[in-house]
Amino acid sequence: NGWKNFVTQHQAFRNSFKEYHSQIDFLVIEGNKGSVWVTVTAEFAAPYVQEELKNAEAKQQKVKWEEAWYFEIKDGHWAGNFRLLLDSVGRMKQLGVKCLP
């Protein structure tokens, strides 16, 4: 159910952020654990009503942010424990959302 929830939420996100591209800057895998640093570029083309962007106005703006992922691997596939850390404040500032400095 958690994975299905993630897919549904990410589909809504990708509908709002067109021309979505992610570039892997660093990738480390040790045993069954991995982490990756990703730079994302996208165009904020439609409202996204979740999280910190629910009040952001979509103006077909280009935006760029960084993400760090932690994940587990089993039999060569994504498995269980997935964590995401992203530069939400930097993204909000680019989109004109009022936030802390």
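V63 counts as buried, at 3% relative accessibility, where buried means under 20% relative accessible area, exposed over 50% and partly exposed in between (1.4 Å probe, protein chains only). The model is a predicted one, in which local features need pLDDT of at least 70 and side-chain atom pairs count only at pLDDT 80 or more, while totals for chains, interfaces and linings use all residues. Residues are numbered from 1 along each chain as its sequence is written, and side-chain values use heavy atoms, with hydrogens and water left out.

V63 lies in strand β3; helices (H or I, at least four residues) and strands (E, at least two) are DSSP runs, numbered from the N terminus. With neighbours within four places in sequence set aside, V63 is in contact (heavy atoms within 4.5 Å) with F17, V40, T41, A42, R91, Q94 and L95.

R91 belongs to helix α2 (residues 88-94). Is this residue buried or exposed? R91 counts as buried because its relative accessibility is 2%. Apart from neighbours within four places in sequence, R91 is in contact with F13, E52, L53, V63, W65 and L86. The contacts of F13, counted with the same exclusion of neighbours within four places, are Y20, Y48, W65 and R91.

F13 is also among the residues with the most contacts inside the largest nonpolar core, together with F17, Y20, F44, L53, W65 and L95. A nonpolar core is a set of buried Ala, Val, Leu, Ile, Met, Phe, Trp, Tyr and Cys residues joined through side-chain atoms within 4.5 Å. This core has 17 residues. The elements that give two or more residues to the core are β1 (17-30), β2 and β3 (61-74), and the largest share, five residues, comes from β2. In soluble globular proteins, nonpolar side chains tend to be buried together.

Strand β2 spans residues 33-44 and includes E43. E43 is buried because its relative accessible area is 18%. Beyond four places in sequence, E43 is in contact with S16, F17, K18, E19, Q60, Q61 and K62.

From the N terminus on, the elements of the protein chain run α-β-β-β-β-α, which comes to two helices and four strands. Two strands pair if DSSP finds at least two bridges between them. Strands β1 and β2 pair in the antiparallel sense over eleven bridges, and Q23 has T39 in β2 as its bridge partner. Their hairpin has two residues between the strands, and G31 takes a positive phi near 65° there. Strand β3 pairs in the antiparallel sense with β4 (residues 77-86) over seven bridges; the bridge partner of A68 in β4 is L85. The hairpin of β3 and β4 also has two residues between the strands, and here D75 takes a positive phi near 55°.

Over the protein chain as a whole, 25% of the 101 residues count as buried. Among contacts between residues at least 6 apart in sequence, 47% join residues at least 24 apart. The C-alpha atoms fill a box of roughly 40 × 30 × 25 Å, taken along the principal axes.
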